[in-house]
Amino acid sequence: MSPRFSAKCAILFLATLLALAFKAKAGSIVVYWGQDAREGTLTDTCASGKYGIVNIAFLSDFGNGKKPKVDLAGHCDASSNGCQRVSTGIRNCQNKGIKVMLSIGGGSDGYTLTSPDEARRVAEYLWNNFLSGNSNSRPLGDAILDGIDFDIEGGESHYAVLASRLSELSRGGRKVYLTAAPQCPFPDNRLDKALQTGLFDYVWIQFYNNPQCEYNTNNPQSFKDSWNKWTSSIPARKFFVGLPASRAAANNGFVTTDVLKSQVLPFVQGSPKYGGVMLWNKYNDDQSGYSSRIRDSV
């Protein structure tokens with residue numbers, strides 16, 4: 001073997017190792033879509049190439065004996081079956097390898113789970129109307145979503161039962177991803193029991209609207225302590241840093257892209273459970289260009 005050939009092989013080998021190392025650390029950007037008609041369609045969102053997971057927000061009315069309802073703000077009217085066309089966007093995203101979740105909850109006061117039995121009934125509704133079950137009135141059409149995201153900020157808490165029932169229904173069939181967006185103070189008052197089941201794949205922690213654990217350049221340790229507590233205490237596969245995509249997207253907790261890239265990401269990427277960054281939300285990301293400026297670093 002000639003010295004020149006050996007050198008070329010060595011360079012190729014090193015380049016392959018570097019590529020693999022980079023891929024191992026690479027994360028995804030997650031975004032919430034559905035709460036502002038100005039953010040464009042679901043198809044356009046996924047065609048942008050910015051996101052690895054899209055959460056459709058929200059199924060914001062359920063429990064207390066009510067029929068669950070989807071609210072996609074100005075995008076469509078689910079009460080008149082106007083949101084069934086979203087199936088086209090769901091499939092377009094999935095064809096690009098992008099996971100699409102239905103997020104339940106949100107900031108409204110229209111949901112609660114009054115008992116374990118009601119939690120099971122809601123799980124079965126989700127299964128039949130958005131996942132691999134069967135229903136004649138699927139609100140988002142006949143596309144099968146990849147899973148359910150728990151963005152629970154109010155109401156009574158029986159979400160461990162809901163998660164367990166969803167897991168039971170999906171056994172032996174298509175994988176149903178379970179994800180959650182807890183507040184950064186640990187433990188989350190409403191989701192802790194659910195998260196402790198070990199059934200959740202991804203957890204995007206909301207490091208905003210919670211000054212005691214947000215990232216602060218003057219006191220980064222509170223954020224670091226919170227991140228370490230979450231990643232060491234909750235048996236989930238991957239954890240994401242949840243942030244507002246612009247200053248207007250939250251009351252506080254905005255982190256500039258320069259600070260994220262130079263200070264936050266180098267720290268969280270040291271965790272074997274690092275998954276990426278979650279942004280609230282698509283419209284604010286459009287306005288700020290946040291994801292475009294961070295995606296090569298995430």
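Q: Why is Lys273 called partly exposed?
A: In this predicted model, Lys273 has a relative accessible area of 26%. Buried means under 20% and exposed means over 50%, so Lys273, at 26%, falls in between and counts as partly exposed.

Q: Where does Lys273 lie, and which residues is Lys273 in contact with, leaving aside its neighbours within four places in sequence?
A: Lys273 lies in the loop between helix 8 (257–268) and strand 9. Its contacts include Thr231, Ile234, Pro235 and Phe239. Thr231 is 42 residues away along the chain, yet the two C-alpha atoms are separated by 6.9 Å.

Q: Why is Asn281 counted as buried?
A: Its relative accessibility is 6%. You can find Asn281 in the loop between strand 9 (274–280) and helix 9 (282–288). Leaving aside neighbours within four places in sequence, Asn281 is in contact with Val31, Tyr32 and Ala245. Its side chain also reaches the backbone nitrogen of Tyr283 at 3.4 Å.

Q: How do you know that Cys46 and Cys93 form a disulfide?
A: Their sulfur atoms are 2.0 Å apart. A disulfide needs two cysteine sulfur atoms within 2.5 Å, so this pair passes. The pair joins distant parts of the chain, with Cys46 in helix 2 (residues 42–47) and Cys93 in helix 3 (residues 86–95), 47 residues apart. Both Cys46 and Cys93 are buried.

Q: What is the handedness of the disulfide of Cys76 and Cys83, and why?
A: The torsion about its S-S bond is about 105 degrees, so this disulfide is right-handed.

Q: How many disulfides are there, and what pattern do they follow?
A: The count comes to three. Counting bonded cysteines along the chain, the pattern is 1-4, 2-3, 5-6. One of them joins Cys184 and Cys213, with sulfur atoms 2.0 Å apart.

Q: Which residues have the most contacts inside the largest nonpolar core?
A: They are Ile56, Leu140, Phe150 and Leu162, in a core of 76 residues. Helix 4 (residues 116–130) gives the largest share of this core, seven residues. A second, separate core has 16 residues, among them Tyr32, Tyr208, Phe240 and Met278.

Notes
Residues numbered from 1 in each chain as written. Predicted model: local features only at pLDDT ≥ 70, side-chain atom pairs only at ≥ 80, totals over all residues. Heavy atoms only, no water. Core = buried A, V, L, I, M, F, W, Y, C linked by side-chain atoms within 4.5 Å. Buried < 20%, exposed > 50% of the residue type's maximum accessible area, 1.4 Å probe, protein only. Helix = DSSP H or I, 4+ residues; strand = E, 2+ residues; numbered from the N terminus. Polar contact = N/O pair within 3.5 Å; in protein donor to acceptor, adjacent residues only side chain to side chain. Contact = heavy atoms within 4.5 Å.
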